[in-house]
Amino acid sequence: MSAPTDSSPDSGSSTPAFLADPTKQHLQVPGLHPSSSEQSVHRIKNVPGYTTPVFKGKEEQRAKVQATVAATGFIPRELVANEVNWFYTHLGIDDTYFANESVEVIADNIIALFGAKVLAYTKHDPSKLVIDLENIEPNGRGATFIHTSPPGLTTTEGPGATCESRIDELYLDKSSPANAYRLETYRSQGSISATASQQLRCYFVAKCNFPENPPPSTRTDGKTDIRTVSDPVFLEKASENTLEIYQRVMWHVEKRYGPVFEVFEVEGSRERRLVIGYKMGGTSKFFSALSNLYHFYSLYSARKYVEQFSNGITIVSLYLNPLPGANAPPIEHSIFQVMKEASLLYCLPDNPFFYPGAGPRSGHAVQEATYAYCGWIFAQHFCNRLGASYLALKNILDESNPSHAEVLNDIKRRFREETFTRESIAQVIHAHADLINLLYVNFALVHYPTDSASQLMPTLSYQRLQTQVPLSDQELYDKIRRSIHNKHELQVLESFLIFNKHVLKTNFYQPTKVALSFRLAPDFLPEVEYPKKPFGMFFIIGGEFRGFHIRFRDVARGGIRIVMSRNRENYSINQRMLFDENYGLASTQSLKNKDIPEGGAKGTILPSLGASPRLAFEKYVDAVIDLLIPGRSPGIKEQLVDLYEKPEMLFFGPDEGTADMMDWAALHARSRGAETWWKSFTTGKSAETLGGIPHDAFGMTSLSIRQYVLGIYKQLGLREKDITKVQTGGPDGDLGSNEILLSSDKTIAVIDGSGVLADPNGLDREELVRLAKLRVPVANFDQSKLSKDGYLVRVEDQDVKLPSGEVVIDGTDFRNGAHLRFKADLFVPCGGRPEAVNISNVATLVDAEGKPHFKYIVEGANLFLTQQARLFLEKRKVVLFKDSSTNKGGVTSSSLEVLAGLALSTQEYIDLMIFKDGKPSEFYENYVRDIQQKITENAAAEFQCIWREHVRSQGAKPRTLISDELSSTLNNLQEELESSDLYDDLANRKAVMRRAIPKTLVEQIGLDTLLQRLPESYQRALFSSWVASHFIYKYGVNASSVDFYHFIRDLSL
């Protein structure tokens, strides 16, 4: 594939440098490339791409080696000269070997070769002659591997079976600019002996020595000069033509996200050279996987090179030839299939369904194997593992009863652990390769882009599809049903068919990609497990991770969470629960997002053990963007088959493990061509450099929590300074620090990651404020400011005696249960693990006389209490407000950050939202104040609504359920309004928009301009969310149609 010419998106003359060159990270971004045809080929002269410097001391070395071999006595003296001569002159080993190895190592290898010949003779079978020589230098300088190797075959046993995978693992996968290894490998020209035809494969791994002071660049165009970033040994050996080819590939890798592929036709021969460039660390196990790929098409490599460069780029070069006499497609055709499938291998190099030794007539091709892998992951998550038995039990039990709910959850978890395991699903796939192939054809006939297949020459995969007799979905299902008599196996294969029927678009056939992504229609989710159907879902699979994104409305926003695993057992649990966790988080988010335009959404990423979370996140984002932006670069990003047929926008936010990655994602989206929405693609961006609005700096989440605390004080006539309070989440966190700074109560305990700080007489507020301003944990509290009854127990402490005489054996255990031991008027969780208070431990928050430890609870931390625990406490007269109502200030702030990104042009955004000389613009400061005001108004309005409803029901309905009812009523009304014609009334629309959009933005841009710029789907969501929330907050969840009429009438006043 010829590399297209480069062109960067026009970023405007006044764009700051950091926006013009957005990424300096390990994975960068593609330019937007116009292109010639994908399958044009470069022709090069039939000359070596590398030259091997002649080893001048070879004859002298040979004499020393001969003497050393003779001195050992292992080889009869009369045979020594012949064996040494054969090794030096007839095997065809490159001078690189003799120049690199010592006399002793070469002598050992000759003796080993002789010993192998003797062993083969005793077996009376020359084919049993197996050579396995290796020398791994202990100082990390490199290694040499030499073994027998039949051309065009991947050996599955013996020395060659693991050689390349070991080179990947030991050297190539770990390469970095500071510790890089280059590889040369070639097939020897001669045979092992006069009686045996086997050839040797030689691998030379050498550590790169990039010069501290590289030669100055000769270029005047600002592009990287390959000579300034190369290893001196490579420069000595590479021909000018090779340098020119690698130079061009390097430039494309620097501009593009993901791998670059080029094919070269060698004049006067059938040899093809495949050159692949990518960022170091962008994939793993790739070199060894490539061998399996070209062997599948009966090609063999004469030479292979892996070069590393100090600017973090890897270039692989394969010299491929057709295996003589093979019954295989001609190399002129198969080379393009190799190139196409290499892009899939880059995404999933370690695929158990593409196994060594497979060929066109045995085993899956890479495309089929990759499809099998994706179906394997899908089946792990979505085989209906609960079934009719669970449904029957669910109908009998009462889920509102905490003990019943616990039994159901336990049964659900056990079903999922025991019914369909990863191993049992894989066994089904291996056992029914023919059916998997038919399922792949069913998938491919829908999603294979036919436009690219008609260019010049259809690829082999397209030709393979044409030879298959396509079956309808029903015919395919019937065939599977007739072929499979085991119910377990049938369910697995049915899940593949379900997968096929619900993929709306995929980047599976994109020429370049870094992970596989699928936009799925969520109709297949069983209602018994997922009662609320999502609007849309994305399924992402990479070599080092898997992930999901779920949203409950078209316009939706939520954080991207990285789920880390402590060990293999924990990883297995996370694998099973990933989708359910994602669904639960997105569902909860939709409750919290009740009065903003965006519905609830969430993304989760599960990195493999030992994988880089950053790399997983970057690949996840890029693969999702593949499905959001139409492909316009033939050979790089092509037009997809899109069954959804509507533009989509996703809005990502920070969550666990991704807070420092939002800037990268926004800039990457811009560089991929998302000029209209890159500014709103992520929230939580850096304030100074990307115009983000940080929640912690402006106390956004705490402002809404605070309205509930103040509302309780006001309704009950309490004085704050008389209130005792316990708080989880310390002065080092966002919510914890702001709760301290905004309050004036008598705090008796603060629990955070560092330990437990407590004083029944009240903690010194001045000292707490000091810690909060420094954003440091309670472990830094000045203990001289504690009363005689106060104490600080750090998590690392052991055998600590408290003032009461109690001995704390382990500080971590004490911290983990400390929220259950204190008594106070008010409890404000501002941090801690989800479900820290649950049905199993909530009874400890009530004393022996039935009196709760706390009178009031404002749940600031997400999911700190389970629903059953909340209802248990409310039954005992605790005034409790749940998380989805109290801590929505952050989502409101993020929503208005999205609005600014959508409303402002790139230049306006740079001028108004990005700091100049470290200082915000007047517009930015005013806009932040507008956001704070809206958060305060919304929280106060919802508090009043919940309080009124509780009073109206005379306390019969818990506030927790009122909050849930409020959320669902708001969401339902918002959905109805979005599809109604009320939005079409221009006067009403303008009246609502003028109130819904912060006045600073309206005054700066103008309402009419804003209405032209904002996408219609977003405007409808903004209109309906404002009307729904303000109407319900004013009139309550039981408001009538007449109330709504009055509300709409008053809008125009």
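**A walk through selected helices and loops**

Gln 247 is found in helix 8 (residues 240-255). Helices here are DSSP runs of H or I with at least four residues, numbered from the N terminus. This is a predicted model, in which local features need pLDDT of at least 70, side-chain atom pairs count only at pLDDT 80 or more, and totals for chains, interfaces and linings use all residues. Residues are numbered from 1 along each chain as its sequence is written, and side-chain values use heavy atoms, with hydrogens and water left out.

Is Gln 247 buried or exposed? Gln 247 is buried, with a relative accessible area of 8%. Buried means under 20% relative accessible area, exposed means over 50%, and partly exposed lies in between (1.4 Å probe, protein chains only). Leaving aside neighbours within four places in sequence, Gln 247 is in contact with Thr 224, Asp 225 and Ile 226. Contact means heavy atoms within 4.5 Å.

Next comes a pair of helices. The axes of helix 10 (residues 331-347) and helix 11 (residues 366-382) come within 9 Å and cross at roughly 20°. That makes helix 10 roughly parallel to helix 11, a label for angles under 35 degrees. Axes are lines fitted to C-alpha atoms, for helices over the stretch in contact, and angles run from 0 to 180 degrees between N-to-C directions.

Which residues meet in this pair? From helix 10 come Gln 337, Lys 340, Glu 341, Leu 344 and Leu 345. From helix 11 come Val 366, Gln 367 and Thr 370. By class, this contact has three nonpolar, three polar and two charged residues. Ala, Val, Leu, Ile, Met, Phe, Trp, Tyr, Cys and Pro count as nonpolar, Asp, Glu, Lys and Arg as charged, and the others, Gly among them, as polar.

Now move on to helix 26 (residues 700-716). Helix 26 has 17 residues and reaches 25 Å from its first C-alpha to its last. That is close to the 24 Å expected at 1.5 Å a residue. Of the 17 residues, 13 are buried, so helix 26 is largely enclosed by the rest of the structure. Just after helix 26, Gly 717 takes a positive phi of about 65°.

Most residues other than glycine have a negative phi. Asp 917 has a positive phi of about 55° although it is not a glycine. Asp 917 sits in the loop between helix 33 (906-912) and helix 34 (922-952). Asp 917 is exposed, at 79% relative accessible area.

Gln 954 lies in the loop between helix 34 and helix 35 (959-978). Its phi is near 60°, a positive value in a residue other than glycine. Gln 954 counts as exposed, at 75% relative accessibility.

Key:
Helices (H or I, at least four residues) and strands (E, at least two) are DSSP runs, numbered from the N terminus. Angles under 35 degrees count as roughly parallel, over 145 as roughly antiparallel, 65 to 115 as roughly perpendicular and the rest as oblique. The expected span of a helix is 1.5 Å times one less than its number of residues.
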